[in-house]
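Me: I have a chain open and want to learn to read it feature by feature. Let us go through it together.

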Amino acid sequence: MGMFLRRGPAPHITRMSVLEIGQTIKLNLNGTPWDWLIVHQGLPSSIYDASCDGTWLLLKNIYDKRQWNSFNANKLESSEIHSYLNGDFQNLFDSNIKRAIKQVKIPYRKNGGSDGTDQSGANGLLTKSFLLSGYEVGWTGSNNSYFPVDGAKLDYFTASIGGNSKRIANLNGSATYWWLRSPFTGNTSYVWFVKSDGDYSGNVTSVSRGFRPAIILPSDMLVTDDMLAA
């Protein structure tokens with residue numbers, strides 16, 4: 001996809017698939033450039049639908065705070081955060097990026113925490129913008145048995161160094177709690193989130209927490225030098 005070519009001398013272009021894990025690129029939200037981290041290339045594991053094969057981007061900083069759900073129900077597919085990320089939030093992207101973002105099926109906990117079952121592959125949740133899961137940022141059931149199996153660790157979070165620091169994200173310059181998409185499997189009202197120190201905790205969905213969405217772009221998409229953060 002030759003999407004960002006302009007008049008004048010031809011800029012240097014780079015294929016998304018060759019960008020390194022941890023590199024940042026700039027994508028506009030509501031006309032303002034934001035840094036996005038390259039957190040994975042390709043499919044994280046065999047539990048993902050083929051639609052998830054691409055370049056995974058995670059917003060480097062927290063965009064804002066929102067409730068996961070205004071009433072305390074941890075059913076992702078009918079949550080307000082899922083609706084927002086695939087509605088109003090999608091409209092913040094420049095039109096060419098909005099068209100390029102892949103519609104994917106991600107692993108999730110269908111019907112929420114204690115009432116639900118983990119879904120994968122073609123049974124995943126249809127989405128374009130989404131929150132990361134506990135497994136995707138590096139935690140598993142061995143950390144806490146109430147994490148659902150709703151993903152696999154992304155390459156950005158596999159480094160032998162960094163630990164919790166890789167999960168810390170800022171809002172207006174200060175480290176802030178941010179939501180995961182993973183419900184607490186022991187009840188129907190709690191969802192996991194990342195604390196300001198990069199550790200995990202859970203709370204009811206009606207609490208306001210930060211959010212930093214992820215998207216997947218085609219691996220053959222081309223970007224120009226002015227999109228690559230220094």
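Me: Let me begin with serine 208. How exposed is serine 208?

Reply: Keep in mind that this is a predicted model. Serine 208 has a relative accessible area of 36%, so it is partly exposed.

Me: Where is serine 208 found, and which residues does serine 208 touch beyond four places in sequence?

Reply: Serine 208 sits in strand E15, residues 208–211. With residues up to four places away set aside, it touches Lys65, Arg66 and Gln67.

Me: How far apart in space are serine 208 and serine 70?

Reply: Compare sequence with space here. The two serines are 138 residues apart in sequence, and their C-alpha atoms are 9.1 Å apart.

Me: Now tyrosine 84. Is tyrosine 84 buried or exposed?

Reply: The cut-off for buried is under 20% relative accessible area. Tyrosine 84 has 13%, so it is buried. It belongs to helix H1, residues 80–85.

Me: What does tyrosine 84 touch, not counting residues up to four places away?

Reply: The contacts of tyrosine 84 are Tyr63, Arg66, Phe89, Leu92 and Phe211. Arg66 is also touched by serine 208. For a spacing along the chain, take isoleucine 106: it is 22 residues from tyrosine 84, with 17 Å between the C-alpha atoms.

Me: Let me try a glycine. Where does glycine 22 lie, and what is glycine 22 in contact with?

Reply: Glycine 22 lies in the loop between strand E1 (13–15) and strand E2 (24–29). Beyond its neighbours within four places, it is in contact with Leu37, Ile38 and Tyr156. Its relative accessibility is 30%, so glycine 22 counts as partly exposed. Histidine 40 is 18 residues from glycine 22 along the chain, and their C-alpha atoms are separated by 8.6 Å.

Me: Which residue forms a salt bridge with aspartate 35?

Reply: Lysine 26 does, with the closest N and O atoms 2.7 Å apart. Check the exposure of each partner. Aspartate 35 has 21% relative accessibility and is partly exposed. Lysine 26, at 31%, is partly exposed too.

Me: Which residue pairs with aspartate 118 in a salt bridge?

Reply: Arginine 109, at 3.0 Å from N to O. Here the partners fall into separate classes. Aspartate 118 is partly exposed, with a relative accessible area of 32%. Arginine 109 is buried, at 12%.

Me: And which residue meets glutamate 136 in a salt bridge?

Reply: Arginine 181, at 2.9 Å from N to O. Glutamate 136 lies in the loop between strand E9 (125–127) and strand E10 (170–171), while arginine 181 is in strand E12 (residues 178–183), so the pair ties together parts 45 residues apart in sequence. Both glutamate 136 and arginine 181 are buried.

Me: What about the charges as a set? How far apart are the mean positions of the positive and negative charges?

Reply: The chain has 22 positive and 19 negative charges, and their mean positions are 2 Å apart.

Me: Next, backbone angles. Which phi does asparagine 111 have?

Reply: Asparagine 111 has a positive phi of about 70°, although it is not a glycine. Its place is the loop between strand E7 (108–110) and strand E8 (117–119). Asparagine 111 is partly exposed, at 36%.

Me: What is the phi of asparagine 172, and is asparagine 172 buried or exposed?

Reply: Asparagine 172 has a positive phi of about 55° and is not a glycine. It lies in the loop between E10 and strand E11 (174–175). With a relative accessible area of 77%, asparagine 172 is exposed.

Me: Let me step back to the whole chain. How many helices and strands does the chain have?

Reply: Two helices and 17 strands. The radius of gyration is 17 Å, close to the 17 Å that the globule rule gives for 230 residues, so the chain is as compact as a globular protein of that length. Along its principal axes, the C-alpha trace spans about 60 × 35 × 35 Å.

Me: What share of the chain is buried?

Reply: Buried residues make up 50% of the 230 residues. The accessible surface is about 9,800 Å², and 44% of that belongs to carbon and sulfur atoms.

Me: And what share of the contacts with a separation of 6 or more joins residues 24 or more positions apart?

Reply: That share is 66%.

Technical notes. Residues are numbered from 1 along each chain as its sequence is written. This is a predicted model: local features need pLDDT of at least 70, side-chain atom pairs count only at pLDDT 80 or more; totals for chains, interfaces and linings use all residues. Side-chain values use heavy atoms; hydrogens and water are left out. Helices (H or I, at least four residues) and strands (E, at least two) are DSSP runs, numbered from the N terminus. The radius of gyration is taken over C-alpha atoms; the globule rule is 2.2 Å times the number of residues to the power 0.38. Buried means under 20% relative accessible area, exposed over 50%, partly exposed in between (1.4 Å probe, protein chains only). Contact means heavy atoms within 4.5 Å. Accessible areas come from the Shrake-Rupley method with a 1.4 Å probe; for residues, only the protein chains shown count as cover. Lys and Arg count as positive and Asp and Glu as negative; His and the chain ends are not counted. The place of a charge is taken as NZ of Lys, CZ of Arg, CG of Asp or CD of Glu. A salt bridge is a side-chain nitrogen of Lys or Arg within 4 Å of a carboxyl oxygen of Asp or Glu.
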